[in-house]
Structures are given as C-alpha cells and as structure tokens.
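Me: I am new to this structure. Please show it to me, and then I will ask how its features are named and judged.

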Amino acid sequence: MNSVISGVWALLVGIVLIMLGNGMHFTLIGLRGGIEGFSAAELAIVTSGYFVGFLSGAQLTPKLIRRVGHVRVFAALGSFMSAGLIAFPLAADPWAWTVLRIVIGFCMSGVYVTAESWLNNASTNETRGTVLSAYMIAQTLGIIGAQGLLMLGDAGTSVLFIGASILVSVSFAPILLSATPVPAAEVSRPMPLRKLFVSSPLGTVGIFLLGTVYATQSGMGAVYGTEIGLSATQIATFIATLFAGALVLQYPIGWLSDRLDRRLLILVAAVIGGVSGVLGWFSGGGFWLLTISAFFAGGVTAPLYALFLAYTNDFLEAEDMAAASGGLVFTFGLGAIVGPLATGWAMQHAGAGAFWLFMSGTFGAIGLYALYRMTQRAGVPVDETDSYLGILPTSSPVALEAASAWAIDQAEQEAEDDQPEAQSS
C-alpha cells in the first residue's frame with residue numbers, strides 16, 4: 001500500500017488542494033449569492049452552468065491533450081480556473097457568474113481527465129484499485145476540508161475567493177514538477193443513449209435521476225442554508241456532512257454490493273435517501289436534525305453512482321464497458337444540469353423546503369424504478385458480477401474506464417482462482 005501511494009503522492013496532494021479551492025467556491029456561491037440578493041432561481045442557473053462546463057470539458061479535454069500534451073493543458077486549465085475564482089466578487093451579477101461557472105466547470109472537468117490519465121498510467125493491473133480508491137478519498141477529504149476553511153473569513157468580502165484561487169494555483173506545483181510524460185488520453189466514444197438504455201434501463205434512468213440529486217446537494221445546499229437563516233459556520237458544517245456521509249458509507253455499501261442483488265441494494269439506498277429527505281423537510285430548520293438528514297442523503301448518493309456503474313457493467317461485454325462509461329457520464333451530466341434548475345424553480349415558488357422534497361421525490365423515483373425493473377428481468381447471480389469500486393460522481397470517463405478495466409481484471413483473477421478449487425473437488 002505505502003509503495004503504491006508513494007508513486008502518486010504528489011498528484012494526490014495536488015488533488016486535495018484543488019478540491020479545497022473548488023469546494024470552497026461551491027459553498028461560497030450560495031453564501032455570497034444570498035448576500036448579493038440573488039434569488040434561488042438565479043442561483044440555480046449559476047449552479048447548472050458549472051455542470052454545463054463540466055460536461056463539455058469531459059468531451060473536449062482529451063482532444064486538447066492529444067493536440068498539445070498533458071502538461072500544457074493542465075497548466076492552462078489551472079490558470080483559467082484560478083482567474084475565474086478571483087473574478088466572482090468583481091462581477092456580482094447572476095449572468096456573469098453563470099459564465100464564470102461554465103468556465104470553471106470546464107476547467108475542473110479537464111483537470112480530472114488529465115489527473116486521472118496520469119494516475120491510470122502510473123498504475124498496474126494489481127495497483128489500479130488501490131490508486132483509484134486513494135484518489136477518491138483525496139477528493140472527498142478536500143471537499144470536506146474546504147468547508148472548514150470557509151470559517152476563516154467573511155463571504156461578504158473577497159478574501160475567501162482569493163484564498164480559493166491561491167489554493168488552486170498552488171495545487172499545480174507538486175503535480176507539474178513531479179509528473180512524468182504519459183500517452184495522450186484515449187477516451188472511448190460514448191455509447192448512444194438508446195443502446196445504453198436497452199443494455200441497462202435501470203443504470204441509464206437511475207444515473208440520470210442521481211445526477212439531479214448530486215447537483216442539488218452540492219450546488220443548492222448552501223442556497224437552502226442561506227434561505228432558512230443558517231449561519232456561515234452551520235452552512236459549511238451542513239455541506240461537509242453531505243460529503244462525510246459518502247466517505248463513511250461508501251465501504252459498507254460496496255461490501256454489500258459484491259454479496260447481494262445490486263437492484264435490491266439500489267432500492268434500499270434510495271429508500272434511505274428518500275426518508276432522509278422527508279426527515280430534512282420535517283426538521284423545521286433544526287440544525288442537528290438537518291445534519292443527520294444530510295449525512296444519510298449525501299451518504300447514499302456517491303455509493304449509488306458506483307452501484308449504477310457496476311450494475312450496468314454486469315450486463316455488458318468487456319469490450320462495451322468503456323463506451324458505456326462515457327454514456328453514463330454524459331447521462332449523469334444531463335441530470336446534473338437539470339437538477340438545480342428544477343430545485344431552484346421549486347424553491348422559488350414553494351419555499352426553501354422544496355430542496356428536501358425534490359431530493360426525496362427523486363430518490364423515491366429511483367427506488368420505484370428499481371423495484372419495477374426487478375419484475376422485468378432476472379438479476380445477474382452474485383458470483384458472476386463484476387467487482388465494485390467506489391467511483392465518485394465527479395470522476396471523468398478516464399476514471400470510469402479504469403475502474404471498469406480493474407473490475408474485469410478482478411473477475412478474471414477470481415475465475416482463475418476458482419479453477420484449481422473446482423479441479424481439486
């Protein structure tokens with residue numbers, strides 16, 4: 001383990017720093033937007049802008065890398081992202097913020113593609129699972145830590161935006177100084193949505209709905225906290241709890257995923273998310289009840305993403321998994337664009353509590369569709385499923401393809417291990 005991490009430590013440190021800056025800016029948008037008097041609907045458009053950029057970056061960055069190389073792309077994206085973060089307090093207008101968010105979303109998606117290409121190149125079949133797991137933990141810790149940094153300044157000034165920009169700028173130093181040349185990123189063309197749906201209706205519909213939930217949590221959580229009158233410290237704690245839940249629940253859900261019918265586990269996780277949403281709505285703004293609701297609602301969101309990926313792969317041939325990964329990222333991105341817009345409109349017309357009602361209803365839709373699909377097709381036997389790896393919703397197609405390759409390797413290794421046992425018996 002230590003020897004594996006020692007080879008990629010600089011990249012992991014850089015990712016933590018990037019996530020500190022990016023995580024700060026996500027929450028700052030809600031805090032500063034409230035101070036500037038932006039409505040929930042306006043902030044929803046700003047939030048969706050990030051995911052428009054993110055989806056575009058996932059498609060275009062591999063082409064840029066092939067043209068000019070990883071290092072130049074990485075440095076350019078970092079420069080634009082750092083500049084964009086500083087510009088927010090200089091242009092306090094919803095439409096200007098939307099443009100800035102599109103730029104930052106594009107840059108962040110490109111950063112993921114580039115970093116994950118380096119990680120994948122630095123891994124072997126034996127170490128890929130460990131490296132990807134460490135990468136996902138680094139991302140989550142960075143987002144959680146970012147919420148603590150928000151308590152060090154005033155969202156009404158430029159200080160926190162400048163701090164986020166500095167963190168992003170500094171993050172590229174350990175990466176660029178230690179990175180070795182790698183082949184150009186090769187991302188498979190996404191599988192057409194129709195073919196993806198035919199292969200796995202639950203995976204396609206489920207990951208679209210989950211995209212709406214994730215974007216609502218990460219983008220509209222601070223807006224919700226501002227509208228119900230939480231302090232900046234309480235809002236930061238609330239957002240941190242959403243991601244802390246994912247960090248805690250990822251392993252037990254993953255462990256169960258390799259031992260139970262994944263559709264049943266999807267159903268149970270969706271029910272937990274739906275009940276958490278109802279609990280949050282009934283909390284009446286009580287902070288500790290909100291925190292409990294956030295822990296479980298956020299805690300099942302990231303594992304559900306990995307579950308949908310693993311479940312979809314269970315019904316695919318190995319050669320189709322890479323293309324399906326791209327299709328799932330695209331489908332999730334579409335949901336992430338729609339989610340904040342729908343939530344912002346609902347909050348504008350029905351009050352802040354619509355934040356929880358939208359999430360609860362969407363989790364409920366995921367659970368009901370999983371239950372329906374269980375009546376339409378037989379499940380894959382547990383001993384024939386691919387291994388689960390805790391991929392986060394922020395991952396690019398590069399990480400998803402690497403995770404699929406790791407799952408195939410694990411399945412082949414398990415099959416080889418079972419042969420001697422069968423022969424001996």
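**Pockets, cavities and a bent helix**

Reply: At least two residues of the largest pocket's lining come from helix 6, and at least two from helix 10. This is a predicted model: local features need pLDDT of at least 70 and side-chain atom pairs 80 or more, while totals for chains, interfaces and linings use all residues. Residues are numbered from 1 along each chain as its sequence is written, and side-chain values use heavy atoms, without hydrogens or water.

Me: What makes a space a pocket, and what makes it a cavity?
Reply: Both are sets of points on a 1 Å grid over the protein atoms alone. In a cavity a 1.4 Å probe fits but cannot get out. A pocket is open, with protein on both sides within 12 Å along at least five of seven lines. Lining residues have an atom within 4 Å of a point.

Me: Which residues lie nearest the centre of the largest pocket?
Reply: They are Ser133, Gln250, Tyr251, Tyr388 and Gly390, out of 17 lining residues. Helix 10 gives the largest share, 6 residues. The volume is about 400 Å³, meaning the space filled by probe spheres set on points joined across faces, edges and corners.

Me: How many cavities does the search find?
Reply: It finds 4 of 30 Å³ or more in the whole structure.

Me: What classes of residue line the largest cavity?
Reply: There are 17 nonpolar, 8 polar and no charged residues. Nonpolar covers Ala, Val, Leu, Ile, Met, Phe, Trp, Tyr, Cys and Pro; charged covers Asp, Glu, Lys and Arg; the others, Gly among them, are polar.

Me: How do you know that the length of helix 3 agrees with its residue count?
Reply: Helices are DSSP runs of H or I, at least four residues, numbered from the N terminus. The expected span is 1.5 Å times one less than the number of residues. Helix 3 has 29 residues (40–68), so it should span 42 Å; its end C-alpha atoms are 40 Å apart, which agrees.

Me: Where does helix 3 bend?
Reply: It bends by about 40° at Leu60, and Pro62 follows within four residues. The bend is the angle between axes fitted to the seven residues ending there and the seven starting there. Just after helix 3, Gly69 has a positive phi of about 100°.
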